[in-house]
Amino acid sequence: MDSSFLNWPFFTPDHRSLAEQVRSFAADTFGETGFEHHGDIDEECADIRRQLGAQGLTRYCIPEEFGGHHNQLDVRSLCLIRETLAYRSGLADFVFAMQGLGSGAISLFGAPEQKARYLPGVGSGDLCAAFALTEPEAGSDVAAIATQARLEGGDWVIEGEKTYISNGGIADLYVLFARSEDVPGARGLSAFIIEANDPGLDVVERIDTIAPHPLARLRFNKMRIPADRLIGERGQGFKIAMATLDVFRSTVGAASLGFARRALDEATRRAQTRELFGSSLADLPGVQTQLAEMALDIDTSALLIYRAGWAKDSGAARITREAAMAKLHATETAQHGIDKAVQIFGGLGVTKGSVPEALYREVRALRIYEGASEVQKLVIARQHLAGAR
Ligand SMILES: Cc1cc2nc3c(=O)[nH]c(=O)nc-3n(C[C@H](O)[C@H](O)[C@H](O)COP(=O)(O)OP(=O)(O)OC[C@H]3O[C@@H](n4cnc5c(N)ncnc54)[C@H](O)[C@@H]3O)c2cc1C
């Protein structure tokens, strides 16, 4: 994996040694077979989480006060870890990402007691975290959330359904967004912590996607939780969700960057070793053009991702525009780059078990979750227009 980008001024010596630690761990642990899955996916995830915990990597998902490495979540570290894990294993990237996304609202907005109760376990890898925002009728349109939370005798009572929840059914804790106020749209939402053994949580179905990840549709049946499970203030749920996504959106771009780098390395090796028409594939100008486009897209994605991370880590309150650009560009170009790798591999590229085939499936969802590409364009345009006013 090309690591020359680590010389860019966005990084500190600590980032460079972290990248080397993750590179070496991922190479030793996943080798060339990290995209193959044979057994139970839930157990595989639990095993990966234990290993990420033992390596101290999940501690990057929580603040220093509760066992983390940095005072605040360090976006560049999160991006470096995701990029480097994704190069070897989509599932390892997924497990790491969910520890951060699933606990991010608690790190950013939780009360000290909430942080003390949950974050050390998330950081050690002992607790599995999930983020429950999407509903059957509220995906891109977050403000349409219908799950209800109402105060009854001092407890919150939760009623509704969530879908496409990563780690659904295997998580120990969920950050859940529900409508607590009698106002429509974004202003009526609040964020809550749900524990897996709270009575009333049903896993309605497990959802199979083109790249295996634990995903589920969940039903909350008159679930009663204590009042102190509210995160932040009533009615702040939308703000909490968006601020959490602000931190983690660039990291989705970073995961797709790891997939794109792997695709370029695989395609380059194949092009240099595949003989045809009396020379190698790499000698054909058409193939060179494809490799050049892949290399260019990788560098532009990396610049956008680490620009966003650097801005956030340097104290920017919000990086909405930068994170949206990083996610949009990196996920879209990774998809195109991986498609080029499949093409360079020919029939082998669509054969089950080949790395380009796995990458082709792994990258697809990243253009949809945490804000589809079209939504990112809206976000960028709104920020641009507001700045031009
Ligand atoms: C693998 C995977 C993991 C996920 N994990 C989680 C999770 O952990 N927690 C969670 O809460 N959710 C999760 N999701 C759900 C994900 O966030 C939603 O799928 C996403 O927000 C899109 O919502 P939707 O699927 O309902 O599509 P819809 O909202 O119905 O949108 C469909 C399509 O419409 C287009 N579109 C949407 N808005 C616009 C617009 N304004 N302008 C133009 N076109 C538009 C886009 O192309 C979009 O893909 C996950 C999804 C997947 C696939």
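1. Two residues are taken to be in contact if their C-beta atoms, placed from the backbone, lie within 7 Å. With that cut-off, and bearing in mind that this is a predicted model, what covers the buried residues of α9 includes α4, α6 (237-273) and α8 (320-345).

2. Helix α9, which spans residues 355-362, is mostly covered, since six of its eight residues are buried. The buried residues are Val355, Pro356, Ala358, Leu359, Tyr360 and Glu362.

3. Helix α4 (residues 90-109) holds alanine 105, and this alanine counts as buried because 28 other C-beta atoms lie within 10 Å, where 20 or more are required. Leaving aside residues up to four places away in sequence, alanine 105 touches Val175, Ala191, Ile231, Ile240 and Thr244. Leucine 264, by contrast, lies 159 residues from alanine 105 in sequence and 35 Å from it in space, C-alpha to C-alpha.

4. Turning to the ligand, 19 residues surround it, and the closest are Leu133, Gly139, Ser140, Ser166 and Glu374. The elements that contribute two or more residues to this shell are β1 (129-132), β3 (155-166) and α10 (373-388).

5. How do the residues of the shell around the ligand divide into nonpolar, polar and charged? Twelve are nonpolar, six are polar and one is charged. In terms of domains, the shell draws at least three residues from domain 2 (130-235) and at least three from domain 3 (238-388).

Note on methods: Residues numbered from 1 in each chain as written. Predicted model: local features only at pLDDT ≥ 70, side-chain atom pairs only at ≥ 80, totals over all residues. Near = placed C-beta within 6 Å. Helix = DSSP H or I, 4+ residues; strand = E, 2+ residues; numbered from the N terminus. Nonpolar A, V, L, I, M, F, W, Y, C, P; charged D, E, K, R; others polar. Domains from an automatic or database assignment. Buried ≥ 20, exposed ≤ 12 C-beta atoms within 10 Å, placed from the backbone.
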